[in-house]
Structures are given as structure tokens and as C-alpha cells.
Amino acid sequence: MTTEQHENSDFRMRSRRTKSVTRAEEIKKAEQMVRRSQPDKPCHRPRDSLFSWSSGFDNFTGFVNWGFLLLGIGGIRLLLENFIKYGIRVDPRQWFMFLSGKSDGGEEYPSLLLICYSTVPVGLCLLIEKGLSVDIIAHSPGMVFHVINLVVMVLMPMVVIHVKDSGFSLVGAMYVCMLYAILFLKLWSYVQVNMWCRNRQKTHTQGRIRRQLSYNNLQSSSVKQNTSDTNNLEHEISDRGSALVQYPDNLNFADLYYYILAPTLCYELNFPRTQRIRKRFLIKRILEVVVGCQVVMSLFQQWMIPSVKNSLIPFSNMDVAKASERLLKLAIPNHLVWLCFFYLIFHSFLNLMGELLHFADRNFYCDWWNANNIDIFWRTWNMPVHRWAVRHLYIPIIEMGYGKNTASITVFFISAFFHEYLVSVPLRTFKIWAFMGMMGQIPLSVLSKMAERYGGARWGNIVVWASLIIGQPLCIMMYYHDYVVTHFGKTLIEDYSVV
């Protein structure tokens, strides 16, 4: 059979199929018309129930509204129950005492002193970079000095909080540890970026010298003309880039402290800037920060503290049923506080700082609430940390010849260390629960991907939300129990369970 005959055969077959389908539809329509013409006034036709997958119905907006309404009613009931049981516990006068460490009646304000001391490692970092830029300090000793400066900076809160047993409140100590952890990441990026610029400058200088020597050896007029064109191009590029800050002109306190205050962990010599400050936008962010702080502190004092204290005895006695009930009861206020904290920090405060500093990159978070697995969640919920981890940890480790799994485990290890640092140091209770919780994200990531693969994206997202809602209050209960046992002994557990 020739090709032309084969094509004609296919065309006739498709034509017959089209005619048969059309004929079937015509027969079906004719039957319906005959059925409607009957005197019994038919009202039935083939249809699936709306809850059947085959129905194709997907508009459940009413159920979503019902869910939010039911959730709101449940929250109001819990709020009324809390007020009836514990009364009004909110005391704004204690908030300054929490931050300053004045809660024990001392006069030293150790938290504020450590905040002031944080300028010392920042200044030392700039001095070392100045020395490296003018070759007063060699590269290897300079890197050693930077490592010592960063390590001492991280250890400083640990030593001071451990040695000075009194004066530090929980919130004040956590704020200090958070500040020093952020400075560590910022200065790491500052040192690494300046090292890249220094290496680029040396390579560019050596290349320019080699080109100049080759130009001097050329004698023909045509080559001289090409050399002149090349020099003109270099001058044009240089003129266009003269508006940008070049290394080592960036090594000054104004540039460094702009970066320290900027809402980013990744250093650049030339950040994207906005042209003006939007006053209405700024006022909204200021109001959100002020009101949000009151809401978070009020929820913490009124709702979370009683729930944590009530969970102490069941958790200590390993009463699984009561401990589980306390865990679920604590999960609601904890998750609400966590969501408020996320909005307050990543939207309100960081946008406020960005607006004041004309910082144009406002990509502080992505749609982490739609994450289908744990990996996507950690890549989207905290963009400044994710961007720092990729730029200064993950990619350099890959460039050193290691595999992606090694780089990912290293990133999780550093993250786990700082999570433990931010919890154990303020509590002066050196456990590994936060560290293990972060390292446990690796197998949990595998589980969430399996749920996504076999159950669909919705089940993967459910695993992500479940880990957030249940994991955090479990960690809080464990640390509060260990804190009471470590500092006050098992005999006083009942005293610290009384609200």
C-alpha cells in the first residue's frame, strides 16, 4: 500500500468516527425531545451527586465561610473561658522589664549593655577589611582574625548569660541572642563579598597589565587603531560605572551600618534603592508594628503562659492522654502568636525598615502557606535566611566539589545550631531538642514528599501545616519542663504549674 493510499484510509476512518459520534448525539437529543413531549412532565435526567468526583462540582465557598465562622466562634469561646478562668493577666508595665532585664529588681540592665557591646565586633570587622584592602594584613591571617572575631561574637552572649545568673529576663536574653545571630550572618556575608571583590580586583589588575604589555608590542597602524578603540570602550564602561560604589570605597562606617540596619542578610556594594519614602505606606507599617507588639505580648501573657504552666505536671508524669490534651490546647494560642509574629516581623517591620532606608528589594517571604512539602516551606517562608544560605553556604560548598546532599545537610546543620542557640542560651538549659527538631526536618521532608507523590499536593500541604501546628508547642512543653527541672528541681514542679 502506498503512502497516499494509507493517508486516504486514515481520513475515511476519522470521517466515519466523526459521523458516528455526531449520529449518536443526534439520537440522544431526539430521545430527549421525545421524552419531554410525554404527558407525565418528566423532571429527571442522568446526573451525579455534587459530592461525587464525577460531578465536576468544585465551588465550596460556603463551606469555607462556614469553617471560618466556626473557627471564629471557637476562638471566642476559648477567649471567654480564658478570661473567666484566669482574669485579666495583661500587664504592659512588665514589657520594658522583660527587655531590659529589670524584672528581678536589678539596676545593671545587662541586655542593654550587650546590645551596646555589639558595635565592637562590627568595628573590628571593618578594621580587618581595611587592613586587607591596603595589603597591611595578608589574606590568610586576615581570615583567621575574621573567624576569631565572629566566633567570639557568637560566644559572648553564651558566656555572659551563663556567668551572670541574674538580671537577664527570657525576652531580653532572646533578643540579645537574636541580635548576635543576625550580626554573625551579616558579617559573614560582608567578609565573603569583600573577599570576592578583592580577588576580582587583583585578577582585573593583572589582566589589564598583560593587555597593556601586548598593546605596547604592536607596531602596525591598524593594530594601534584597534588599541585606541579598545581603550575608548574601557573608558566608556568606566564612566558608566563611576556612579556605582566600587571596592574598596565601600569600606566605611556609613556603608557598613546601612547594611547592618537594612532588612537583608546578604551584602552588596550597591543595593537597589527607591526614589522616595511613601508616607501613607510608612504610617501603616508603623501602626502595624505598634499594635502588633501589643497583640503578641497580650496573647503571650493572657493565653500562652497559662497553657504552658498547665501542661507541666501531665508532661512530667508522662500522662499521655492529659499531655496530649494540653498539647492541643497550647497549639492554638502558640500558632496564633506565631502567625502574628510572622506578619509583624516579615511584613510590617522589615517593610518599615526598607521604606526608611529606601531599600527596594522587599521579597521577604513567598507563599509558604501553599507549600506542598517541607523543602518548599523552608525555601519560601524566610527569604532573607534562604537567600543567605544559598549564596554563602550552599553554592560555595557545591563549588568546592561536594554533592548537593552534603550542601543541604550542612545548611540544615547550621540552621539547627542557631535554632538551639536562640532557645538554650536564654533559658540557660542546654538541651538539643530544637537542634534535633531542625535536623528532623530532613526525614520529615522525605515524608512530606511521599505524601505529595501518593496523596497529591493537598496532603503534602497538610503535612507541612501539621508539623507547624503540633511541633512548636511540643518543643515549648519540653523546654519548659527541662527549664523548671534544671533550675528549680523536680520538687518544685507543682509550684511552677500554678497559674
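User: Hi! I'm new to this one. How many helices and strands are there in the secondary structure of the protein?
Analyst: Welcome! This is a predicted model, and its secondary structure comes to 18 helices and zero strands.

User: How much of the protein counts as buried?
Analyst: Of its 499 residues, 34% count as buried. The accessible surface is about 31000 Å², and carbon and sulfur atoms account for 65% of that.

User: And the contacts, what share join residues at least 24 apart?
Analyst: That share is 74%, counted among contacts between residues at least 6 apart in sequence.

User: Which residues does UniProt mark as "transmembrane region"?
Analyst: The unreviewed UniProt entry gives that annotation to residues 60-80, 143-163, 169-191, 286-305, 336-354 and 459-480.

User: What does the chain look like over residues 336-354?
Analyst: That span is 100% helix and 0% strand, with its end C-alpha atoms 26 Å apart. Residues 143-163 are also 100% helix and 0% strand, and there the end C-alpha atoms lie 30 Å apart.

User: Let's look at helix 12. How many residues does it have, and how far does it reach?
Analyst: Helix 12 runs over residues 320-356, which is 37 residues. From first C-alpha to last it reaches 51 Å, close to the 54 Å expected at 1.5 Å a residue.

User: Where is the kink in helix 12 centred?
Analyst: The kink is centred on L344 and comes to about 30°.

User: Is D135 buried or exposed?
Analyst: D135 is exposed, because its relative accessible area is 58%, and the cut-off for exposed is over 50%.

User: What about the peptide bond from Y247 to P248?
Analyst: That one is cis, with omega near 5°. P248 lies in the loop between helix 8 (221-241) and helix 9 (253-261). As background, most peptide bonds are trans.

User: New topic: which residue carries the "active site" annotation?
Analyst: The unreviewed UniProt entry puts it on H419. H419 lies in helix 15 (residues 404-427) and counts as partly exposed, at 33% relative accessibility.

User: What does H419 touch?
Analyst: Leaving out residues up to four places away in sequence, H419 touches A434 and M438.

User: Last one: which residues touch the most other members in the largest nonpolar core?
Analyst: Y190 and Y421 do, in a core of 51 residues. The elements giving two or more residues to this core are helix 5, helix 6, helix 7 (170-216), helix 9, helix 14 (383-399) and helix 15. Helix 7 gives the most, with 13 residues.

User: And which residues does Y421 touch?
Analyst: Not counting residues up to four places away in sequence, Y421 touches V154, P157, M158, C177, Y180, A181 and P426.

Conventions. Residues numbered from 1 in each chain as written. Predicted model: local features only at pLDDT ≥ 70, side-chain atom pairs only at ≥ 80, totals over all residues. Heavy atoms only, no water. Helix = DSSP H or I, 4+ residues; strand = E, 2+ residues; numbered from the N terminus. Expected span 1.5 Å × (residues − 1). Bend = angle between axes of the 7 residues up to and from the residue. UniProt positions renumbered as here; feature names shortened; annotations may be inferred. Buried < 20%, exposed > 50% of the residue type's maximum accessible area, 1.4 Å probe, protein only. Contact = heavy atoms within 4.5 Å. Areas by Shrake-Rupley, 256 points an atom, 1.4 Å probe, with all protein chains shown as cover. Core = buried A, V, L, I, M, F, W, Y, C linked by side-chain atoms within 4.5 Å.
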